[in-house]
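Reader: I would like to go through the aromatic contacts and hear the reasoning behind each label.

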Amino acid sequence: MIVLDSHCDTPSQVVRLRDLGLDNRLAHIDFPKLKAGKVDACFFALYTSQSKPRQEALPYVWKMLEKSKEAVEKCPYATLATSTAEVYENKAKGLISILFGMENGNPVGESVSELVRLYEAGVRYVTLTHNGDNQIADSASQGTTWNGLSPFGEGFVAKMNELGMIVDLAHASDKTFYDCLSASSTPIVSTHSCCRALASHRRNMDDKMLRALADKGGVIQINFYPAFLSDDFNKAFSANPLSDEADRVEEEFIADPANAEKRQAWDNIQEKLLALDRPSYKRVVDHIDHAVNVAGVESVGLGSDFDGIVVPPAGLENASKMGVIFEEMCRRGYTDDAIEKIAGKNFLRVFSDVEKAAK
């Protein structure tokens with residue numbers, strides 16, 4: 001069985017000076033944790049905020065990519081991968097595969113040549129938007145600019161299909177989702193989302209979307225963020241002063257990650273966050289159950305959003321604990337074949353379909 005996590009924001013942590021070779025106390029992802037959790041493949045997301053000016057965003061993407069590759073090259077039991085074949089080959093060698101996606105297409109501007117450069121550098125999916133509309137499409141958090149996919153976005157998706165890049169709609173508006181289903185000649189994914197029937201957050205997918213995604217051959221990769229898992233948690237956390245304090249302290253740390261006092265302040269906040277009453281890993285499996293019941297067992301996978309979420313579920317604090325998901329699925333009666341599909345096989349099938357369709 002291959003365990004694949006389709007979305008981790010670890011490159012952002014690398015440029016904040018995390019040593020991935022160490023077992024970092026409060027980190028969600030580092031190489032020792034991936035090994036302990038028996039994670040075979042992990043997509044590192046090159047995330048940029050919509051608020052970052054484009055002239056700064058693209059160099060930052062390249063910096064994250066460079067620094068992350070350097071970290072992988074230093075690890076004796078991890079290696080880079082750019083294809084499904086390499087993931088399987090690395091598994092056979094006992095190596096963890098690190099792949100790359102880009103979260104937010106904004107940095108490329110309206111230059112398809114930049115998209116090609118990123119593909120050539122190893123980027124294998126693009127999350128079209130983040131928390132704001134961009135030149136490609138409308139986002140779930142705004143959704144007012146294009147009424148879905150923009151004219152440029154249609155060509156952008158076509159170029160992704162041509163290159164063999166996976167179209168990711170994790171942050172897209174509902175209208176963008178349906179536009180991309182029509183525009184893309186290959187299956188699409190949502191690399192880190194949950195089910196709106198269980199938690200009403202706009203980032204989640206409703207049942208109609210789940211069925212449409214499955215009909216297209218795509219997959220939803222279930223997100224671990226408690227705010228996407230539970231309306232009760234989202235409401236309580238939004239009203240908690242700790243939420244704003246965490247944002248402020250983290251921004252101060254991001255601005256100066258070498259500052260020991262700011263790093264300690266951020267560590268202290270993380271300890272407070274972990275003390276909150278959080279949904280457990282069983283809630284992740286609840287969302288898996290719902291997606292399987294609606295879309296089918298071949299249309300569901302795992303996309304943790306580790307290192308990009310403020311706080312993880314109880315009992316699933318980092319990648320070393322990934323196995324609790326499969327243990328819970330066993331308790332609920334999932335077969336070994338079903339667990340294998342959800343653990344990584346479904347996403348790799350989509351990845352392979354996209355590769356084969358490339359021109």
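Reader: What lies over the face of Tyr-60, and at what distance from the ring centre?

Author: The model is predicted. In it, Lys-52 lies over the face of Tyr-60, 4.7 Å from the ring centre. A second case is Lys-35, whose charged end sits over the ring of Tyr-77 at 4.5 Å from its centre.

Reader: How many aromatic pairs does a search of the whole structure find?

Author: The search gives nine aromatic pairs. One of them joins Phe-43 and Tyr-125.

Reader: Why is the pair of Phe-43 and Tyr-125 called tilted?

Author: The ring centres are 5.2 Å apart, and a pair needs centres within 6.5 Å. The planes meet at 40°; stacked needs under 30 degrees and edge-to-face over 60, so the label is tilted.

Reader: What makes this pair a tie between parts apart in sequence?

Author: Phe-43 belongs to strand 2 (residues 41-47) and Tyr-125 to strand 5 (residues 123-127), so the pair ties together parts 82 residues apart in sequence. Phe-43 and Tyr-125 also form one aromatic cluster with Phe-347 and Phe-351.

Reader: Is Phe-152 buried or exposed, and how do you know?

Author: Its relative accessible area is 19%. Buried means under 20%, so Phe-152 counts as buried. Phe-156, at 0% relative accessibility, is buried as well.

Definitions and conventions: Residues are numbered from 1 along each chain as its sequence is written. This is a predicted model: local features need pLDDT of at least 70, side-chain atom pairs count only at pLDDT 80 or more; totals for chains, interfaces and linings use all residues. Side-chain values use heavy atoms; hydrogens and water are left out. Rings of Phe, Tyr and Trp (its six-membered ring) pair if their centres lie within 6.5 Å; planes under 30 degrees apart count as stacked, over 60 as edge-to-face and the rest as tilted. Helices (H or I, at least four residues) and strands (E, at least two) are DSSP runs, numbered from the N terminus. Buried means under 20% relative accessible area, exposed over 50%, partly exposed in between (1.4 Å probe, protein chains only). A charge sits over a ring if NZ of Lys or CZ of Arg is within 6 Å of the ring centre and within 35 degrees of the ring normal.
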